[in-house]
Amino acid sequence: PTGSFKDRGMTLAVSKALQDGARAVICASTGNTAASAAAYAARAGLPAVVLQPEGAVASGKLAQSQALGAKVLAVRGSFDDALRASQELAGRGDYALVNSVNEFRLEGQKTVAFEIIEELGRVPDLVALPYGGGGNSTAVFRGFRDAGEGLPRLMPAQAQHRATTLASAIRISEPVHADEVAEALESCGGGIVTVPDDEVIVAWQELAALEGLFCEPSSAAGVAALKQEQLEPGTVVVCVITGHGLKDPDTAAKHSPAPIPVDPDADSIARAAG
């Protein structure tokens, strides 16, 4: 509903917060968690407080959170600083924390593995996906493990420069689930792939131009990582595309050609289009 994979876990996290009598929810976010928390909190009738790194959230995600009624606070610091503050406030009993350190978030998100198996009729050989905080990689591994039909190799794709990457959704310096991701990779034989921003942008552009899939740049990180692999023909691969392109319209505009001015007649239009 809000255009990112966060909804899959957030619906469960907010439902449980409501069931447990929470008076409000809180999260730290680079944007997608914020929009999802704001939407589900609004539906549940709960106030939502969002802590975001000041100046580091894409405009589409900020607009979503604000429109959905969340109280958005710009933290003078990183995502990691905002998460620590959220955890401290939740620890005082004032809020239900709905970041992926909330186990219900992971339980909701792991269902993507069930859906992949259902759609393919089998467990894929490889699953590639963006790697920011590591919650999605952890959840996807749990899902395949719990389905009991075998484990794919996992390929979490992280930005080369985590703290400054243009892929804002994975602009997280300290992955809170790093240990869990390491354990998952040990179990399934996968590995983390590091991708530079220029390769993320190329993958993002190709998804749009060749597949008709308009995602936010960070969502293409798994596709960029896949290009670094030498796979056997016939390998069944799933790339998880995690967020809609309208989440980050500014980056999309920056890396796309500007509209071409034309006169309002057929010849002018034909010359420009040709």
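Predicted model: local features only at pLDDT ≥ 70, side-chain atom pairs only at ≥ 80, totals over all residues.
**Stop 1: Thr-33 and helix H2**

Start by selecting Thr-33. Thr-33 sits in helix H2. Is Thr-33 buried or exposed? Its relative accessibility is 5%, so Thr-33 counts as buried, the cut-off being under 20%. Now show what surrounds Thr-33. Leaving aside neighbours within four places in sequence, Thr-33 is in contact with Lys-6, Met-10, Cys-27, Ala-28, Val-98, Asn-99 and Arg-105. Thr-33 and Ala-58 lie 25 residues apart in sequence, and their C-alpha atoms are 12 Å apart in space.

**Stop 2: H2 against H3**

The crossing of H2 past H3 is left-handed. Which residues meet here? From H2, pick Asn-32, Ala-34, Ala-35 and Ala-38. From H3, pick Lys-61, Gln-64 and Ser-65.

**Stop 3: H6 against H7**

Next, select helix H6, residues 111-120, with helix H7, residues 135-147. Their axes come within 7 Å and cross at roughly 60 degrees. That makes H6 oblique to H7. H6 passes H7 in a right-handed crossing. On the H6 side, the contact is made by Val-112, Ala-113, Phe-114, Ile-116 and Ile-117. On the H7 side, it is made by Val-140, Gly-143, Phe-144 and Ala-147.

**Stop 4: H7 on its own**

H7 has 13 residues and reaches 18 Å from its first C-alpha to its last, close to the 18 Å expected at 1.5 Å a residue. How many residues of H7 are buried? The count is 10 of its 13, and H7 is mostly covered. Colour the buried ones: Gly-135, Asn-136, Ser-137, Thr-138, Ala-139, Val-140, Phe-141, Arg-142, Gly-143 and Phe-144. Then bring back the surroundings. The cover over these residues includes helix H5 (103-109), H6, strand S5 (126-130), strand S6 (153-159) and helix H8 (178-188). Just after H7 comes Gly-148, with a positive phi of about 70 degrees.

**Stop 5: H9, a helix with one buried face**

Move to helix H9, residues 197-211. H9 has 15 residues and spans 20 Å from first C-alpha to last, close to the 21 Å expected at 1.5 Å a residue. Select its buried residues: Val-200, Ile-201, Ala-203, Trp-204 and Leu-207. Look down the axis of H9. The buried residues fall within an arc of 165 degrees, so they line one face of the helix. Among the elements covering the buried residues of H9 are strand S7 (193-195), helix H10 (221-226) and helix H11 (249-254). Gly-212 follows H9, and its phi is positive, near 70 degrees.

**Stop 6: Cys-239**

Finish at Cys-239, in strand S8, residues 237-239. Its relative accessibility is 26%, so Cys-239 counts as partly exposed. What does Cys-239 touch? Not counting residues up to four places away in sequence, Cys-239 touches Ala-128, Gly-222, Val-223 and Leu-226. Last, select Ala-224. Ala-224 and Cys-239 are 15 residues apart along the chain, with 9.9 Å between their C-alpha atoms.

Methods: Residues numbered from 1 in each chain as written. Heavy atoms only, no water. Helix = DSSP H or I, 4+ residues; strand = E, 2+ residues; numbered from the N terminus. Expected span 1.5 Å × (residues − 1). Buried < 20%, exposed > 50% of the residue type's maximum accessible area, 1.4 Å probe, protein only. Arc of directions from axis to C-beta. Contact = heavy atoms within 4.5 Å. Left-handed = near helix turned anticlockwise from the far one by under 90°. Axes fitted to C-alpha atoms, helices over the stretch in contact; angles between N-to-C directions. Parallel < 35°, antiparallel > 145°, perpendicular 65-115°, else oblique.
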